[in-house]
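Work through the exercises below with the sequence and the coordinates open. Each task is followed by a stepwise solution.

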Amino acid sequence: MPDTPHSPSHSPSDSTPPDTPPRTTYANLFRTPEFGPLFLSSSAHIAAQTVSGLALGTLVFRATNSPLLSAVSMFGPALAQVLGATFFLSGADRLPPRATLAGLALSFAVATAALALPGLPVWGMLLIVLVEGLIASLGGGVRWGLLTEILAKDGYLTGRSLFNMMTGLMQIAGYAAGGVLVTQLSPRLCLLLAAALYGTSAALALRLTRRPPRVFGRPSVRATWRANAALWSARPRRHVYLALWIPNGLVVGCESLFVSYDPRAAGTLFACGALGMLAGDVTIGRLLPARLRPRLGIPLLVLLAAPYLVLFLRPPLPVAGVLVALASVGFGASLVQQERLVALTPGELSGHALGLHSAGMLTLQGVAAILAGTVAQVTSPATAMSVMALGSLAVTLTLTVASRRDAPDGGLLPTRAAVRSA
């Protein structure tokens, strides 16, 4: 479970300066055919994911009193994303997007309803959510590849920024409402509500027009491996992928401990995190000039982790909420990195490239959740948060040093020369 530096696709002879800001605005996105149905379907999907994750994490923690199993139930399904990225991701560009998105949402609806069955053992819950993670590995590539078709590359940043804002709003609402419902009613009722939201997402996806796949041919393991190898072969793309996956994932490991850190206030902490992410997306996506965005990649990654070091002191809930919100502003770094990834990728592989980003990011989040839960099991949730935050800062420093060997401008992103060589 994220801005226009000088575009690498321009040459010095282009009539449009490389750092010209994109003309697409939030206001005219909804005038673009198909953007509305995709946006609304994704909104329902995120709301369902938020409510079901909090409900399931609470249900498992109540049954086991285990920070590890609670974290695994919420974020462990992301581990299955690596299997999907290895075997099925070629389908992101080789399957019709409308039918695929609707089918995936219906699968989630059925699986989430099954989680609400009384008497279902914890191991059965974990098995179901791992299957959900496996089928979800295809969804990110299909959705974001379709977005590049609907908006084209020069509008992708603005569109993805708005999607990220929507994600923040849905998470704020979902965690706030879910926290109340889980406390006052029942986690199982919240799971049934999430199943209904997934069904709504499927119905909205069917409002998209039928489009042919971007690449003709049958999805296969061989095609997936070939595309993965091509995307990973260029050093600039490798740096972008690592910067998107690892610091982000380790901080999500901190978030996976909210339930065990403060069971009654977990919804509040998740909502504060979503609010901070929303603020970061608005700032990076719309408020900052294009020429400044690349310079903020590293500071934002530092901001993403540093506030979690203070939670070791167990501050009062209002202070903890502010720290979590401040840290989540740092997720805005992913917008810069995603736009560069799109610029570095051929159009026929855009869905696969973005799907690999999504699958790798979620996989690292799942790994980090298990690692954080394990550390919390033998120490405490507050200590584990500090360990994960320090790890994120160390990785950011390491990637910065490594990328500067190829990018003298000092970012976690390649220079224009490196882009051309890709």
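A salt bridge here is a side-chain nitrogen of Lys or Arg within 4 Å of a carboxyl oxygen of Asp or Glu. The model is predicted.

**Exercise 1.** Find the salt bridges in the whole structure and say how they are linked.

Solution. 

Step 1. The search of the whole structure returns two salt bridges.

Step 2. In one of them, E34 pairs with R211, with 2.7 Å between the closest N and O atoms. E34 sits in the loop between α1 (26–29) and α2 (35–64), while R211 sits in the loop between α9 (187–205) and α10 (221–232), so the pair ties together parts 177 residues apart in sequence.

Step 3. R211 also forms a salt bridge with E149, where the closest N and O atoms are 3.1 Å apart. E149 belongs to helix α7 (residues 122–151) and R211 to the loop between α9 and α10, so this pair ties together parts that are 62 residues apart in sequence.

Step 4. Through shared partners, the salt bridges join E34, E149 and R211 into one network.

**Exercise 2.** Classify E34, R211 and E149 as buried, partly exposed or exposed.

Solution. 

Step 1. The cut-offs are under 20% relative accessible area for buried and over 50% for exposed, with partly exposed in between.

Step 2. E34 has a relative accessible area of 13% and is therefore buried.

Step 3. R211, at 23% relative accessibility, is partly exposed. E149 is partly exposed too, at 30%.

**Exercise 3.** Describe the largest nonpolar core and the contacts of V259.

Solution. 

Step 1. The largest nonpolar core holds 44 residues. F258, V259, F270, Y308, L311, V324 and M385 have the most contacts inside it.

Step 2. Helix α13 (residues 266–287) gives the most to this core, contributing seven residues.

Step 3. Leaving aside residues up to four places away in sequence, V259 touches L54, G57, F61, S70, M74, A266 and F270.

Step 4. Another core lies apart from the largest one and has 39 residues, including W144, L146, Y156 and L278.

Technical notes: Residues numbered from 1 in each chain as written. Predicted model: local features only at pLDDT ≥ 70, side-chain atom pairs only at ≥ 80, totals over all residues. Heavy atoms only, no water. Helix = DSSP H or I, 4+ residues; strand = E, 2+ residues; numbered from the N terminus. Buried < 20%, exposed > 50% of the residue type's maximum accessible area, 1.4 Å probe, protein only. Core = buried A, V, L, I, M, F, W, Y, C linked by side-chain atoms within 4.5 Å. Contact = heavy atoms within 4.5 Å.
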